[in-house]
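This briefing is meant to be read with the sequence and the structure side by side. Please look at them first, and then work through the topics below.

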Amino acid sequence: MLIAVLAGLIVSILFIPFGKFFRQQAAIAVSLLPISLFLYFLSYIPVIRSGLPVSFHYPWVPSMGINLDFHLDGLALLFSLLITGIGSLVFLYASSYLKGHPYLDRFYAYLSLFMASMLGLVLSDNILLLFIFWELTSISSFFLIGFNNDDPVSRKSALIALAVTGGGGLLLMAGLILMGHLSGSYSIQEMADNAERLKNHALYGLILLLVFAGAFTKSAQFPFHFWLPGAMKAPTPISAYLHSATMVKAGVYLLARFSPVLGGSDYWQYTLLIVGGVTMLYSAFHSIFRTDLKGILAYSTIAALGILVFLIGIGTPESLVAASVFILVHALYKASLFLTTGIIDHETGTRDVTKLAGLRHVMLPLAIGGLLAALSSAGLPLTFGFIGKDLIYEATLHSPGILRFVLTAVAVLTNIFLLYAGFLAGIKPFAGSLPQQFKGVHLPHGLLWIPPVLLSLLGVLFGCFPAWIGEVLLHPAAQSMTRLTTVAPLKIWHGFNLVLLLSGVTLALGALLYWVRKPSEQRLSALTRFNALSPEQLFRRLYRSIIKLSVWYTNTMHNGYLRVYLLRIVVFAILLLAFRLLTADGIVIDLGTVSPVSIYELVVGAILVGGLYLSVTTSSRLTAVAATSVVGYCICLMFVFYSAPDLAMTQFTIDTLTVVLFVLVLFRLPPFLNFANNSVKIRDGIIATLFGCIISLIGLLVLSEPIRTEVSNYYGDNAYVLAKGKNVVNVILVDFRGFDTMFEIVVLSIAAIGVYSLLKLRLRATEKE
Amino acid sequence: MKSTILKTATSYLLPILLLFSVFILLRGHYHPGGGFVGGLIASIAFVLHGFTYGTENTLKLMRYHPAVLIPAGLALATLSMFAPVLLGLPVMTGLWIDEPIPVIGMVGSALFFDLGVYLVVIGVVLTILFTITQYNE
């Protein structure tokens, strides 16, 4: 299992050395990865069907509760099969779609990375592990959405997608940590076992808010939906993969997964119902105004996600079965429609639905695939969409109280719009007579048209045998969200009842709408007038003001003057230390512990003060440097007096080198000018004196504290026993605290590389001039 | 600088200082000293040479650019850190040869670690100083 999850990561790393080879010869061979993973997960169907989830445990950081715990149950299996199954088709499709693309290797590397993170996400049982994969999907989808990186619009939408999903991810992390902390376990299964503890906790509302923030941003729920249509800038195979089965379903998956842990309360139910309901209506309504095929699909995808959130919100066993059915329904027809759109775009060069028509004359198999997908999205009997829609209506009708009418009305309206959107994307480009400009279009390579047709056919196959797929895959999936008491097999025919009537009404109204209404640019532009109020504009405004803030902050706080930095650091330290000293219970200084001053120390102290005076008053830089070094050497002597020879030696050599460095730099400086007027000098003098006083005060305070000697005794006792050294200082440096030393020399090296590259690069620039 | 005294003194001081720096490095485990100070002393020796004869000549004398010492030192320190792992011991366990080796004294993984520090310090100091000097020229 670990290998199955990590395979994608490993493959994506292999692209670094072997990318060129893959790009030229073996692009299609990469598809073996998702195909073999798909077969691997298929082999788990019998086990999961028998109702026994499979767990895998690999210790990773056990001390922090982070382990590679994977849990394969019905829900995880459904998602894994979608991820790898649709992944296989997308991999195959892309090998032809992006044939000869200069960055094909990069594309596959990102795609493998993304697939692996999605797999990890749906299989993780440990919530911290889940979060890691969650973030990985955000990051890898950023690369995928921004794949056309020479297009500024594409880069911008990738950034927005990352900002929205990443921001939600941060909130989710807070929520997950809170959950783990309060329930005492980071395992989802264990949390589900004592879910009451979380639900009755005072912070339950906060947890819900944080988890919802993560799920809603990822699954593009209103008002965070705007990143998804923007993400359509990606090449179509990516859109198909991200928006049908994977990325955007991650939020839905999270809600489904946490249903047994957090679900069941009024907060949970009403939030999901309202957000899901608003999202599905809003975006289904929007989808009928779009003229770009991918725009239509984007908005209908958001609507479908809204439906799923809505179904999870209802929370009855019925609605959860409906949700798991609809996940599969939507993945099949939406991936098929996206891939079909990709082919149309690839062959005709346009995605404008007002221009496309009659393509069935030149691409018949694709037209059949598109038709079937559209019918499945419409929910015609004998397609899988019909089962899905039926179950949705059944779930809304069986919800309690007055709510039932509202929910059903919302669901019917959304489905009418979705039917229209599906017909626009799947039927409209193929219907009618073929315009002159598309006469030259022909059916593309089989790798392109077989995947969408296959997906559409699967939709029909499942529609004809719903009981079978239900028992094999979908009931176990629903089972992991809730305890199913009675499992009613999925059926095509339920008899004449209200649900059938609603289905008929949906079909009739939707078809009527398609018949009457033709998509046009005017309607789209009428809608764009309201853009100023949209959440997207609000987000953009926020985005701009954050940039403004950071520009202001950088200009005022990091203005490049070293003296200003130093001044701020020192003043801040003074304030902090003074605050601590003032709030302390009382300052006790015991001068009795201070040793008497000897004549040597007095002499050295006098020299030190002299050096200090000279360095402040002199008008020559060289004198100032020499005077400062006198101060340094005096301090070295102090170290010698107080038996710290190691320190003294190091300080001595460092001081010498610093003077050399100063002298070297002094050559570059303009003649000595005194910028500071008297008031600045007085200010600096006061600050310096204050700082000195506070440090001295602290030094004296430390002396009056009882001295704790455990650590120094340990080093003293063990330096020779454990590390065979008699010089404790050196033993600490190279043995006891060797890691510190290691990092210190690494930092030193970085500094050297920094100086070298800065100056050398400058040199080359001046040479060019 | 054109001082004959300095030139003569430097040509004697360079080897003596270098030898002294190695001495400081080796005695570090038992007496005041160690890789850091040793490295600084060795760098001072080269800086002195650079002052007297010019940086170009010092670089020629060194043959390789001092920056080379940085990765070499880091590699040596890292190796000595991870050498115990090969024997199944935790990282940075001190490994020692039982009998002292004449002149050098006790030899163990900590000595190589210190040697790594020594090399890195020389590399860093000389890279920074020589780069700035050459920039000035």
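The axis of a helix is here a line fitted to the C-alpha atoms over the stretch in contact, and the angle between two such axes runs from 0 to 180 degrees between their N-to-C directions. Read in that way, helix α4 (residues 69-86) of chain B and helix α5 (residues 109-136) of chain B pack at an angle of about 160°, and their axes lie 7 Å apart. Please keep in mind throughout that this is a predicted model.

**Two packed helices in chain B**

- The angle makes α4(B) roughly antiparallel to α5(B), because angles over 145 degrees are counted in that way.
- The crossing of α4(B) and α5(B) is left-handed.
- On the side of α4(B), the residues that make the contact include B:Leu69, B:Ile70, B:Leu74 and B:Met81, while those on the side of α5(B) include B:Phe112, B:Phe113, B:Val117 and B:Ile122.
- Sorted by class, the contact of α4(B) with α5(B) has 17 nonpolar and five polar residues, and no charged residues.

**Chain A as a whole**

- The secondary structure of chain A comes to 32 helices and two strands, and its C-alpha trace spans about 110 × 65 × 50 Å along its principal axes.
- Of the 769 residues in chain A, 44% are buried.
- If one takes the contacts in chain A between residues at least 6 apart in sequence, 78% of them join residues at least 24 apart.

**The strands of chain A**

- Strand β1 (residues 54-61) of chain A is joined to β2(A) by seven bridges, and the two strands run antiparallel; A:Phe56, for example, has A:Phe70 in β2(A) as its bridge partner.
- β1(A) and β2(A) form a hairpin with four residues between them, and A:Gly65 in the turn has a positive phi of about 80°.
- Strand β2 (residues 66-72) of chain A is mostly covered, since five of its seven residues are buried.

**An enclosed helix in chain A**

- Helix α12 (residues 236-245) of chain A is largely enclosed by the rest of the structure, because 10 of its 10 residues are buried.
- Among the buried residues of α12(A) are A:Pro237, A:Tyr241, A:Leu242 and A:His243.
- What covers the buried residues of α12(A) includes α4 (74-97), α6 (127-145), α11 (227-230), α13 (249-262), α15 (293-314) and α16 (317-348) of chain A.

**A partly exposed residue in chain A**

- A:Thr628 is found in helix α27 (residues 621-641) of chain A, and this residue counts as partly exposed because 19 other C-beta atoms lie within 10 Å, whereas a buried residue needs 20 or more.
- A:Thr628 and A:Tyr613 are 15 residues apart in sequence, and from C-alpha to C-alpha they are 9.7 Å apart in space.

**Where chains A and B meet**

- The contact between the chains takes 38 residues from chain A and 40 residues from chain B.
- Three helices of chain A, namely α28 (645-666), α31 (728-736) and α32 (738-768), each supply at least two residues of the side that touches chain B, and the largest share of that side, 15 residues, comes from α32(A).
- By class, the side of chain A that touches chain B has 23 nonpolar, nine polar and six charged residues.

Technical notes
Residues are numbered from 1 along each chain as its sequence is written. Chains are lettered from A and ligands numbered from 1 in the order in which they are written. This is a predicted model: local features need pLDDT of at least 70, side-chain atom pairs count only at pLDDT 80 or more; totals for chains, interfaces and linings use all residues. Two residues are in contact if their C-beta atoms, placed from the backbone, lie within 7 Å. Ala, Val, Leu, Ile, Met, Phe, Trp, Tyr, Cys and Pro count as nonpolar, Asp, Glu, Lys and Arg as charged, and the others, Gly among them, as polar. A residue is buried if 20 or more other C-beta atoms lie within 10 Å of its own, exposed if 12 or fewer, and partly exposed in between; C-beta atoms are placed from the backbone. Angles under 35 degrees count as roughly parallel, over 145 as roughly antiparallel, 65 to 115 as roughly perpendicular and the rest as oblique. A crossing is left-handed if the near helix is turned anticlockwise from the far one by less than a right angle, and right-handed if clockwise. Two strands pair if DSSP finds at least two bridges between them.
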